[in-house]
Amino acid sequence: MQAYCGTEMIESKGKQKLKNTEQQAWIIIPTYNEAGNIVRLLEQIFALQKMQLSHFVFHVLVVDDNSPDGTAQLVKDYKKKMKNDYLHLLLREGKRGRGLAGIAGFQYALKEGADFVLEMD
């Protein structure tokens with residue numbers, strides 16, 4: 001996958017296309033027992049989007065391994081409260097590990113057409 005800013009050629013999923021629109025930057029956040037942090041982190045990320053500091057549309061994908069502290073429910077509640085279409089949750093059964101969570105997140109984002117994928121830990 002290659003991408004350039006502005007009106008330039010972008011190669012994504014093996015196809016080249018001309019794009020003069022906002023590009024999708026996906027932020028992957030693997031979580032396990034992050035109930036104390038997740039809402040504040042989401043608020044800060046989406047505040048950047050509102051400030052329009054870049055030409056990116058930020059999508060945030062929380063990949064949660066069924067945290068017993070309710071992290072996934074907080075993400076669902078935040079999405080519903082904020083009516084946020086750019087927040088996604090991938091809920092996985094059991095604690096399968098941070099590395100596999102990152103891989104699953106990258107696969108999800110690329111399938112959804114991400115131009116850029118970042119991971120936060």
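Is Asp-115 buried or exposed, and at what relative accessibility?

1. Overall make-up. This is a predicted model. The protein has 121 residues, and buried residues make up 35% of them. Its secondary structure consists of 3 helices and 6 strands. Read from the N terminus, the order of elements is β-β-β-α-β-α-β-α-β.

2. Asp-115. To return to the opening question, Asp-115 has a relative accessibility of 3%, so this residue counts as buried, the cut-off being under 20%. Asp-115 sits in a loop, with α3 (98-111) on one side and β6 (116-119) on the other. A polar atom of the Asp-115 side chain lies 2.8 Å from the backbone nitrogen of Gln-24.

3. Thr-71. Thr-71 is part of helix α2. Its relative accessible area is 0%, and Thr-71 is therefore buried.

4. The β-α-β unit. Strand β4 (residues 56-64) and strand β5 (residues 87-91) run parallel and are joined by 5 bridges. Within this pairing, Val-63 stands opposite Leu-90 of β5. Together with α2, the strands β4 and β5 make a β-α-β unit, and the unit is right-handed.

5. Leu-61. Strand β4 also holds Leu-61. With a relative accessibility of 0%, Leu-61 counts as buried. Leu-61 and Phe-106 are separated by 45 residues in sequence, while their C-alpha atoms are 9.3 Å apart in space. As background to reading any strand residue by residue, side chains in a regular strand alternate between the two faces of the sheet.

6. Two asparagines with positive phi. Asn-33 is not a glycine, yet has a positive phi of about 55°. The loop between β3 (23-31) and α1 is where Asn-33 is found. Its relative accessibility is 35%, and because this falls between the 20% and 50% cut-offs, Asn-33 counts as partly exposed. Asn-66, also not a glycine, has a positive phi of about 55°. Asn-66 is placed in the loop between β4 and α2. Here the relative accessibility is 39%, so Asn-66 counts as partly exposed.

7. The largest pocket. What is the volume of the largest pocket? The value is about 170 Å³. Its lining includes Glu-43, Phe-46, Ala-47, Gln-49 and Lys-50. Also among the lining residues are Tyr-78, Met-82, Lys-83, Asn-84 and Tyr-86. Two elements, α1 (38-50) and α2 (71-82), each give two or more residues to this lining. Which element gives the most to it? That is α1, with 5 residues. Sorted by class, the lining has 5 nonpolar, 2 polar and 3 charged residues.

8. Points to check in the viewer.

Note on methods:
Residues numbered from 1 in each chain as written. Predicted model: local features only at pLDDT ≥ 70, side-chain atom pairs only at ≥ 80, totals over all residues. Heavy atoms only, no water. 1 Å grid on protein atoms, 1.4 Å probe; cavity = no way out; pocket = protein on both sides within 12 Å on 5 of 7 lines; lining within 4 Å. Points joined across faces, edges and corners; volume = space filled by probe spheres on them. Helix = DSSP H or I, 4+ residues; strand = E, 2+ residues; numbered from the N terminus. Nonpolar A, V, L, I, M, F, W, Y, C, P; charged D, E, K, R; others polar. Pairing = 2+ DSSP bridges. Right-handed = clockwise from strand over helix to strand, strands pointing away. Buried < 20%, exposed > 50% of the residue type's maximum accessible area, 1.4 Å probe, protein only. Polar contact = N/O pair within 3.5 Å; in protein donor to acceptor, adjacent residues only side chain to side chain.
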